[in-house]
Amino acid sequence: MIDPVRTEVLALAHTIVVKVGTNVLADGNGRLDRERVRGIVEQILRMRASGKKVVLVSSGAIGAGVGRLGLASRPTDLRQLQACAAVGQNAMMALYEELLSAHGVHAAQILLTAADFDSRSRYLNVRNTLHALLEWGCLPIINENDTVSVAEIKFGDNDHLAAMVTHLLQAPLLIILTMVEGLYSTDPKTDPSAHLLTTVPSIDAEIAAMAGASRSSLGTGGMRSKLRAARLVTAAGESVIIANGSRFDI
């Protein structure tokens, strides 16, 4: 059953930021799952065809690099993480461009760091560039500039970046695609009585306590980071939907 609140939020949103996590895009070995990426792209194209402006915040560069380089697991050494990002970002964008160009749409890569939001002139430049790309019908694809960033790789995540992009564009809606259906009352893997919270009016201490730590081997986020991002977005009056990006046609 489709939640009526979500339906209304989606109907009213003229601009949507979609954030997709590493584990949504990659298979168990860390390689980009071509069909999963294709499914995400086709859904975004349908959203655009309905008149929505869409900006994609895509994780996956480091994970794609791990797969492309044939590594057994995600490195912990900073220089190796940055090298994985350099290899993986190219592979990820090549796949996006291939899939989008088949529909006459250009992929536009934008790599950002926290410093781009701290500088007023750089902040405005990013916003102006995004608006120009949307006017030209391109799909802006944003990621952290992992190759040159230090703090972002060690402590940051793209959930927070997506929240900042939502603020920057004053977009009414942020959709975070992850590997779970959304926020549960408790961990459904250990508690059979856990139930999905379809609507969260406000994120208080009780709601925040429901989020567990990330169990991902490839990503950096988790439900806690998604709730932090949701708190940032909803504090400005916008809405957030957390959904399972691995489900067909979510």
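Guide: Helices and strands are DSSP runs numbered from the N terminus, a helix being H or I with at least four residues and a strand E with at least two. By that numbering, Gln-170 lies in the loop between α9 and β5. The model is predicted, so its local features need pLDDT of at least 70 and its side-chain atom pairs pLDDT 80 or more, while totals for chains, interfaces and linings use all residues. Residues are numbered from 1 along each chain as its sequence is written, and side-chain values use heavy atoms, with hydrogens and water left out.

Visitor: Why is Gln-170 called exposed?

Guide: Its relative accessibility is 60%, and exposed means over 50%, buried under 20% and partly exposed in between, with a 1.4 Å probe and protein chains only. Gln-170 therefore counts as exposed. Its phi is near 55 degrees, a positive value in a residue other than glycine.

Visitor: What does Gln-43 touch, apart from its neighbours within four places in sequence?

Guide: Gln-43, found in helix α3, is in contact with Asp-249 and Ile-250; contact means heavy atoms within 4.5 Å.

Visitor: How do you know that Gln-43 is buried?

Guide: The relative accessible area of Gln-43 is 15%. That is under the cut-off for buried, so the word applies.

Visitor: Why is Gln-89 called buried?

Guide: Gln-89 lies in helix α5 (residues 78–101) and has a relative accessible area of 9%. That value is also under the cut-off, so Gln-89 is buried. Not counting residues up to four places away in sequence, Gln-89 touches Ala-61, Gln-109, Leu-111 and Asn-143.

Visitor: What makes the pairing of the Gln-89 and Asn-143 side chains a polar contact?

Guide: The distance is 2.9 Å. A polar contact is a pair of N or O atoms within 3.5 Å, where within protein one must be able to donate a hydrogen and the other to accept it, and residues adjacent in sequence count only if both atoms are side-chain atoms. The pair is therefore listed as a polar contact.

Visitor: Why are α3 and α5 called oblique to each other?

Guide: Helix α3 (residues 34–49) and α5 pack at an angle of about 50 degrees, with their axes 10 Å apart. Axes are lines fitted to C-alpha atoms, for helices over the stretch in contact, and angles run from 0 to 180 degrees between N-to-C directions. Angles under 35 degrees count as roughly parallel, over 145 as roughly antiparallel, 65 to 115 as roughly perpendicular and the rest as oblique. The α3 and α5 pair is therefore oblique.

Visitor: Which residues make this contact between α3 and α5?

Guide: Arg-34, Val-37, Arg-38, Val-41 and Leu-45 of α3 meet Leu-95, Tyr-96, Glu-98, Leu-99 and Leu-100 of α5.

Visitor: What makes α7 roughly perpendicular to α9?

Guide: Helix α7 (residues 120–135) and helix α9 (residues 158–169) pack at about 75 degrees, with axes 10 Å apart. That angle falls in the perpendicular range, so the term holds. In this contact Tyr-123, Val-126, Arg-127, Leu-130 and His-131 of α7 meet His-167, Leu-168 and Leu-169 of α9.

Visitor: How far apart are the C-alpha atoms of His-131 and Leu-169?

Guide: They are separated by 8.3 Å, and the two residues are 38 residues apart along the chain. His-131 has a relative accessibility of 34% and therefore counts as partly exposed.

Visitor: How do you know that α9 is roughly parallel to α11?

Guide: The axes of α9 and helix α11 (residues 223–235) come within 8 Å and cross at roughly 15 degrees. That is under the cut-off for roughly parallel, so the term applies to α9 and α11. Residues that meet here include Asp-159 and Ala-163 in α9, and Lys-226 and Ala-229 in α11.

Visitor: Why is Pro-201 called exposed?

Guide: Pro-201 sits in the loop between β5 (173–178) and α10 (205–208). Its relative accessible area is 80%, which is over the cut-off, so Pro-201 is exposed. The C-alpha atoms of Pro-201 and Glu-135 are separated by 33 Å.
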